[in-house]
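Please look over the sequence and the model before reading on.

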Amino acid sequence: MSLPPDDVTPHIARRARLLDTMRAAGGGIAILAAAPIAARGRNGEYPYRQDSDFLYLTGFPEPDAWLVLIAGERDRTVLFCREKNEERELWEGLTIGPEAAVADFGFDEAYPADRLDELLPGMLLDQPTLYAPLLRDDRAGTRICQAMEKAQRLSRTGQRPPARHHDILPLIAEMRLIKDAAEIAAMRRAARISAGAHARAMRLARPGMREYEIEAELLYEFRRHGAQSVAYSSIVAAGPNACILHYPAGEAVLEDGQLVLVDAGCEVDGYAADITRTFPANGRYSGPQRLLYELTVEAQKAAAAATRPGMTWNDGHEAAVRVLAQGMIDAGLLKGSLDGVLESKAYTRFYMHRTGHWLGLDVHDVGDYRDPAAPAGPERPWRTLQKGMILTIEPGIYVRAADDVPQAFWNIGIRTEDDALVTDEGCELITRGVPVDPREIEALMRE
């Protein structure tokens, strides 16, 4: 059965904020569609997951739904959704219906979805601006274009459809970048469950297991504690597989003396957690493994110290890179001075990705990494961090076997990743329910 959120107040407040933004720009109408159902083969469907923007504004969990917001002298919030249908509900479960959409989700009006083509053209008339996802060649975009064409034909009455079109997605992305209390609570829960799953994987891992067995333990812990889904496909990479950044959990056997990199997080009420830990299959780091592992931990500390209000998005990355580059020189992986290695970007041979990304309803969440108020161009400054932003901090080092690399480091891939909530004076790593200190990891694996 589809149920409303425990508290729809945050969704009502978000719709009001978007309406305020639209009204400040002269008013208009916003249209957003729910995610479509995705077929899985010929006889089934993938588990339904609502479009993130639609979920953010409505909390409404069902497909075949449309949100219409009208900003003017009298704001209107309208939902089109599936009607109640006893026969369909017999097979698919109870649905919400228009009446409950008003009562339980806080909309001003709600109508059956099959009335969209009838009612939307009239709603478009005399609206100065249409806010909708632009440049989308999909069924939703086609329906909106058809409604605009019908509204144009109605213009002989003296009313006109919107003359201006504005992409609604950047507006919502800016809103989603700063998390409200309800979002932070959901992400804390996702972080807590995900951390417990990583701890379970550490306790149970041993040489001879396969990667997919570790993945199964993660999934069990996610669902056992109420997470609705994974936030992304879990990475469980043994030995040299850890040097493949997006390696999916496969059939490789965990060998004695190898490291295991696990990058996994669950989704709670649509919100993601994202954690990576790297631990020894036999429960004890070798000397070279510990050296590189502690290097990523120190890089993460440096990045976390630079993650606070007033600093820029890129400051944490630069702090991590300096630590990693010096460590690569000290370990004999690179030659030359720190400044020379940084200027030439020689470190990218072993560290080729950014140190983090926004996190929220999507694991790589929406929001510009550059200052949106600055003129466009390659020199546009990085965005300044603000309280309420949530991002990952995930330095790593990946050393493949090569003639010019010390053999002791061959096939070592390590990443240390936590989710950081920007606070008043710094950041809080909300995923530290699973240890990161190598001694604590070894102790946990002995339990």
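A salt bridge is a side-chain nitrogen of Lys or Arg within 4 Å of a carboxyl oxygen of Asp or Glu. Side chains of opposite charge can pair when their charged atoms come close. The model shown is predicted, and by this rule its count comes to 32 salt bridges.

**The pair D365 and K179**
- D365 and K179 form a salt bridge, and their closest N and O atoms are 3.5 Å apart.
- D365 lies in the loop between α12 (338-344) and β13 (390-393), while K179 lies in the loop between α7 (169-177) and α8 (181-204), so the pair ties together parts that are 186 residues apart in sequence.
- D365 is buried, its relative accessible area being 6%.
- K179 also counts as buried, at 6% relative accessibility.
- Both residues belong to a network of salt bridges that links D53, R176, K179, D362 and D365.

**The pair K387 and D424**
- K387 forms a salt bridge with D424, with 3.2 Å between the closest N and O atoms.
- This pair links distant parts of the chain, 37 residues apart: K387 is in the loop between α12 and β13, and D424 is in the loop between β16 (418-422) and β17 (427-429).
- D424 counts as exposed because its relative accessibility is 57%, and the cut-off for exposed is over 50%.

**The pair R439 and D437**
- In the salt bridge of R439 with D437, the closest N and O atoms are 3.0 Å apart.
- R439 is exposed, with 58% relative accessible area, whereas D437 is partly exposed at 22%.

Key
Residues are numbered from 1 along each chain as its sequence is written. This is a predicted model: local features need pLDDT of at least 70, side-chain atom pairs count only at pLDDT 80 or more; totals for chains, interfaces and linings use all residues. Side-chain values use heavy atoms; hydrogens and water are left out. Helices (H or I, at least four residues) and strands (E, at least two) are DSSP runs, numbered from the N terminus. Buried means under 20% relative accessible area, exposed over 50%, partly exposed in between (1.4 Å probe, protein chains only).
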